[in-house]
Amino acid sequence: MIYFPQPILPPFRCEFVGAAAVPAALAEARRRMEAGEVSADVVAEAETQAVENLVKELYELGFEEISDGNLRGAIEVSDLIGSDSAKIEFDPESRLLRNYNSLRSIVPLGVVARQDLPSPASAYCEAIGRSAGLLSSEEAARRVEAAMMDALTALYNLGCRSVLFIDSTWGNTDYAVLAEINNRVIAALPEDMTVAMRPLLVDMDYPAETVIGRMNAENVKSLYIHSQPLKRLNLLEHVKEGRNIVVGLHPELEEQGRQDKIVSLIELMSCKVPLECLSISNSGLETGGETNHSGLRRKLRLIKQAAEATW
């Protein structure tokens, strides 16, 4: 049996979420592959180098939990439950495991390698959509939950102890059913597998209970609230006591580079949630396209400095 040391557990006072800026070398490699000038192996090497550079930067900035920034491409629902309309199951050859194994081999000892992936509810919604008329909702839920557990068990066996579920089901009004699907999968995970949830919202006015209700499973350690948290303070009233809240900064705050405004935002949020249960992150709204690499580093440095000034 392989022994994996117990990781540091959240809350981490500052975190990196979303897609990292794609460096020019990787963007060029992808362009050349599309033009038929280089093979996929060349792109894979460029992706590995990009992830290594991101890990190095985050480590040097003092981040305690690191993802691959989607530099190998975001994990999709099909990576978890396959792409067949009715045969919903996890493929052990999925790139999910390759991506995580590569990240874990790069991340320094003592730093948590986090895997981001779609939530069980997100997988269920896609499965229902593509298997219409082939599976009942109950059977689709059962198969999705089994596939998700297979994927998460495989990650766990690779040493993964921290996952971030990205939930994009906010247009679905049947939030009680989706919450139950999330909760059943999360409740079945090992106790030492830390689970965080992030709603993929951009200032949408969904009722607070439909947003938070999906994410209040007992085993969820952190909830991410991003974009314009000041407009979403009512979300906090629905969060279970003692849970960590990761406040994603609005892009305007990131661009302004004003540490004092960020500290003031944290202080305002602390009126709703105890300061010891708050953390901050970048907005996570980067597209993952060819963006300003130095700009992202500047934002992350600002977040780290604001966290140090607050806690």
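**Helix packing and salt bridges**

Guide: In this predicted model, the buried residues of helix H5 pack against helix H3 (78-81), E4, helix H6 (137-157), strand E5 (162-167) and helix H7 (175-187).

Visitor: Which residues of helix H5 are buried?

Guide: H5 covers residues 120-130, and its buried residues are Pro 120, Ala 121, Ser 122, Ala 123, Tyr 124, Ala 127 and Arg 130.

Visitor: OK, other helices. At what angle do H1 and H2 pack?

Guide: Helix H1 (residues 24-34) and helix H2 (residues 40-61) pack at about 165°. Their axes lie 9 Å apart. An angle over 145 degrees counts as roughly antiparallel, so H1 is roughly antiparallel to H2.

Visitor: And is the crossing left-handed or right-handed?

Guide: H1 passes H2 in a left-handed crossing.

Visitor: Which residues make the contact?

Guide: From H1, the contact uses Leu 26, Ala 29, Arg 30 and Met 33. H2 supplies Ala 40, Val 43, Ala 46, Glu 47 and Ala 50.

Visitor: How many of those are nonpolar, polar or charged?

Guide: The contact of H1 with H2 has 7 nonpolar residues, no polar ones and 2 charged ones.

Visitor: New topic. Why would charged side chains pair up at all?

Guide: Side chains of opposite charge can pair when their charged atoms come close.

Visitor: How many salt bridges does the count come to?

Guide: The count comes to 16 salt bridges. One of them joins the side chains of Glu 65 and Arg 114, at 3.4 Å from N to O.

Visitor: Where do Glu 65 and Arg 114 lie?

Guide: Glu 65 is in strand E2 (residues 65-66). Arg 114 is in the loop between strand E3 (112-113) and strand E4 (115-118), so the pair ties together parts that are 49 residues apart in sequence.

Visitor: Are they buried or exposed?

Guide: Glu 65 and Arg 114 are both buried.

Visitor: What else does Arg 114 meet in a salt bridge?

Guide: Arg 114 also meets the side chain of Asp 116, at 2.7 Å from N to O. Asp 116 is buried, as is Arg 114.

Visitor: Which residues end up in one network?

Guide: Salt bridges with shared partners join Glu 15, Glu 65, Arg 114 and Asp 116 into one network.

Visitor: What about Glu 89, which residue does its side chain meet in a salt bridge?

Guide: The side chain of Glu 89 meets that of Lys 87, at 3.6 Å from N to O.

Visitor: Is Lys 87 buried or exposed?

Guide: Lys 87 has a relative accessible area of 51%, so Lys 87 is exposed. Glu 89 is at 42% relative accessibility, so Glu 89 counts as partly exposed.

Methods. Residues numbered from 1 in each chain as written. Predicted model: local features only at pLDDT ≥ 70, side-chain atom pairs only at ≥ 80, totals over all residues. Heavy atoms only, no water. Axes fitted to C-alpha atoms, helices over the stretch in contact; angles between N-to-C directions. Helix = DSSP H or I, 4+ residues; strand = E, 2+ residues; numbered from the N terminus. Parallel < 35°, antiparallel > 145°, perpendicular 65-115°, else oblique. Left-handed = near helix turned anticlockwise from the far one by under 90°. Contact = heavy atoms within 4.5 Å. Nonpolar A, V, L, I, M, F, W, Y, C, P; charged D, E, K, R; others polar. Salt bridge = Lys/Arg side-chain N within 4 Å of Asp/Glu carboxyl O. Buried < 20%, exposed > 50% of the residue type's maximum accessible area, 1.4 Å probe, protein only.
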